Amino acid sequence: MSDGSGTPAPNGPKSAYFLNHEDEAVERRTLAVLVDNEPGVLARVVGLFSGRGYNIDSLTVAEVDSSSHQSRITIVTQGTPHILEQIEAHLMRLVPVGEVVDITKSKRGIERELALVKVAGTGEKRVEALRIAQIFRANVIDTTNESFIFEITGASDKISQFVDLMTPLGLVEVSRTGVLSIKRGKEKG
Amino acid sequence: MTVKTKQKTETRLMTGAEIVITALREQGVEVMFGYPGGAVLPIYDALFAADDIRHILVRHEQGAGHAAEGYARSTGKCGVALVTSGPGATNMVTPITDAMMDSIPMVVISGQVPTHLIGTDAFQEADTTGITRSCAKHNYLVTDVDQLARTIHEAFHIATSGRPGPVVIDIPKDVQFATGTYSGKDGVHKPTYAPRTEPQPEAIEAVAELIAMARRPVFYTGGGVINSGPKASVALRKLQAETGIPVTSTLMGLGAFPASHKDWLGMVGMHGSYEANNAMHDCDLMICVGARFDDRVTGRIDAFSPNSKKVHIDIDPSSINKIVRVDVPIVADCAAALEALIAAVKHRKGKKPDLKPWKAEIDVWRARDCFAYEPSDKIIKPQYAIERLYALTRERETFITTEVGQHQMWAAQFFHFDEPNHWMTSGGLGTMGYGLPAAVGVQCAHPEALVIDIAGEASIQMMMQELSTAVQFCLPVKVFILNNEWMGMVRQWQELLHGERYSHSYSESLPDFVKLAEAMGAHGIRCEDPAQLDDKIMEMIEHPGPVLFDCMIEKDGNCLPMIPSGSAHNEMILGQITGNEIGETGRKLV
């Protein structure tokens, strides 16, 4: 039995007080949540996370099937396996939620993120920024004599790495979409 | 219903308000509880012409919600409440949360300001769907009159199926006036909502196997057995008869198994019996049926039933492994799972396990007589008051509701239930003020029965205006106040945890309850002498109308036994509180 004991884990998400699973490590998961696109559905999902003390690292949402009014919410969250199990169960309890797919656990997930990165500078720094952007296959979507806006897609850590490299070169501002995900292969979900 | 008339009802054009009433009628609603206001006037207008739906006018919207809960708990049907926008809706938040915590089927219809005024901070506007999103099972804001009938039918389906709960339908005033098409309840289907109710056969087999192996098994049952309907209580009794396993229950589950049965252990948990808690701690197989390992039940979680295999039957997958890891989870309706278990247990060949040594051990715990108290002929002991109330009412069809606090626990300990749906209490949320309006709801459903709200003098003041509702609608509810002039449970915790510093827990300036009853058109009785208690209780029972009974009891009695917070099942306080029972960790808990 792993009923947990004593005080809450110091770094873990703090939901249900008194309950903890110190032996369980915190994991990062990407969940695809398929919902009926009806008013308030996003608020239900987000409210569930805040109300029960779960984490949201990133969240994206858009309608993906207009004929059946279906939206896909992609949530990146963290928790112990026990908390992650609870998150899935609680999501399924919401009436408009039809399906929750654990993309990370499936091992067949592809995750992508898009970012817009504004960099300002002149001279050597400006040239260097452009050169790194080419290595990362980022597109220039706006330019002035003193700035670029790069559009970059890829896995989240690739984008973070790109942003890190741009920081000394005059990084002004970053806008990221959050993670999108889908499973490899011909099957749905 | 013939096909022809069905078509006729399904295509009728009517106003939104008429759609509401027609849909309620089609759902079989006979009674609803409500309070009118600007944003629901069209619905009230339609109700004016509806003779077949009884409307009980409460005195406060919270009362409507608890009355609907009481009605639902005592009948198994869906409770219905109707309130106006703004304050009407916000006053419903407590009963909605209460119904959510205790899984009570309830549909709340609230008026809303007209659609074109939503978001303008209009008079009596509140974001009702926003406010109730986290405390209701589901909610709707209906902006299209043609969706109204379908929404109401869907709301009833969601409120009453799966793990039951409250559903809120917020209807703007212009939608109530608009003309739309009525559609019947047949064919209403929400594809994303499909609760699983049938148990997995392999899991049932595994449990039958565990039962055959167990030498110290116990049933730990809860409100889910009652919510599942009378079939589940019948199945529990049959399965118990088949296996001989002793039974304990949570506060919410009292009555599902008869308290008069020899294998009944009494209630489990913080104020449960010594034998039930020790059996839970020392068992080798725990079969949890429709309960949720609530903190009032488990006590210290790392010391919770350390040596048992655990089976958990629950219709809500999120309840499984939430607090306690279980060995065999079964996501199913209690009745379906229990019936499958009966078949599986009967089907097994071989000798049944010998539970005699286990029961002998339980008898030793039982012999401690944990509910014993020192009798008195001078003052009325609260335990004695409930004992007498039980003794004098047991031959009648009696329903008990309670408020929250010491009196609630004494009622659970000393009033005994042999049938489900006869005990209505606010378990999860612990709502003071629940009992009187709940009793109003119960009495509406059972006009001939004896309905008693066991109350405290502090709790009753939270919703006592509902006595007026009882008077108006000739609902002869009895309010039996255990008056110790303290918020007793607060006082007990201050004694236990805060060095007897009784901060703001004394009931100052109490009303004269007898005069109060008379002022409100009810009958008032006061009793201070144990020798007169029986006669006065009989006077209360025999009075044909509502009664407020002011039972003056021992002032500083503690509700025992008790598992102090942060302690294990086998660390109960049985006798006196010393003030040193709770450690640093426990002190921080609720």
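Buried residues make up 55% of the 590 residues in chain B. Buried here means that 20 or more other C-beta atoms lie within 10 Å of the residue's own; with 12 or fewer the residue is exposed, in between it is partly exposed, and C-beta atoms are placed from the backbone.

Before going on, some housekeeping. This is a predicted model, in which local features need pLDDT of at least 70 and side-chain atom pairs count only at pLDDT 80 or more, while totals for chains, interfaces and linings use all residues. Residues are numbered from 1 along each chain as its sequence is written, and chains are lettered from A and ligands numbered from 1 in the order in which they are written.

Now chain B as a whole. Chain B has 24 helices and 20 strands. Along its principal axes, the C-alpha trace of chain B spans about 70 × 60 × 45 Å.

Two residues are in contact if their C-beta atoms, placed from the backbone, lie within 7 Å. Take the contacts in chain B between residues at least 6 apart in sequence: 76% of them join residues at least 24 apart.

Next, the domains. The assignment for chain B gives domain 1 (3–181), domain 2 (201–367) and domain 3 (382–552); such bounds come from an automatic or database domain assignment. Between domain 2 and domain 3 of chain B, the C-alpha centres lie 31 Å apart. In chain B, 14 residues of domain 2 are in contact with 13 residues of domain 3. On the domain 2 side, α11 (223–227) and α12 (230–243) of chain B each supply at least two residues. That side has nine nonpolar, five polar and no charged residues. For the classes, Ala, Val, Leu, Ile, Met, Phe, Trp, Tyr, Cys and Pro count as nonpolar, Asp, Glu, Lys and Arg as charged, and the others, Gly among them, as polar.

How many of the nine residues of helix α13 (residues 274–282) of chain B are buried? Eight are, so α13(B) is largely enclosed by the rest of the structure. The buried ones are B:Tyr274, B:Glu275, B:Ala276, B:Asn277, B:Asn278, B:Ala279, B:Met280 and B:His281. The cover over them includes β9 (217–221), β10 (247–249), β11 (264–267), β12 (285–289) and α16 (356–367) of chain B.

Helix α2 (residues 16–26) of chain B has eight of its 11 residues buried, so α2(B) is also largely enclosed by the rest of the structure. Among the buried residues of α2(B) are B:Glu18, B:Ile19 and B:Val20. After α2(B) comes B:Gly28, with a positive phi near 80 degrees.

For a helix pair, look at α4 (residues 61–75) and α6 (residues 93–101) of chain B: their axes come within 7 Å and cross at roughly 25 degrees. That makes α4(B) roughly parallel to α6(B). Angles under 35 degrees count as roughly parallel, over 145 as roughly antiparallel, 65 to 115 as roughly perpendicular and the rest as oblique. The axes are lines fitted to C-alpha atoms, for helices over the stretch in contact, with angles from 0 to 180 degrees between N-to-C directions. The residues in this contact include B:Gln62 and B:Gly65 of α4(B) and B:Thr94 and B:Pro95 of α6(B).

Last, the backbone. Most residues other than glycine have a negative phi, and most peptide bonds are trans. B:Asp121 is not a glycine, yet has a positive phi of about 60 degrees. Is B:Asp121 buried or exposed? B:Asp121 is exposed, with 8 other C-beta atoms within 10 Å, and is found in the loop between β5 (106–112) and α7 (128–132) of chain B. B:Asn321 also has a positive phi, near 60 degrees. B:Asn321 counts as partly exposed, with 17 C-beta neighbours inside 10 Å. The peptide bond from B:Leu560 to B:Pro561 is cis, with omega near -5 degrees. B:Pro561 is in the loop between β20 (547–552) and α24 (584–587) of chain B.

Notes: Helices (H or I, at least four residues) and strands (E, at least two) are DSSP runs, numbered from the N terminus.
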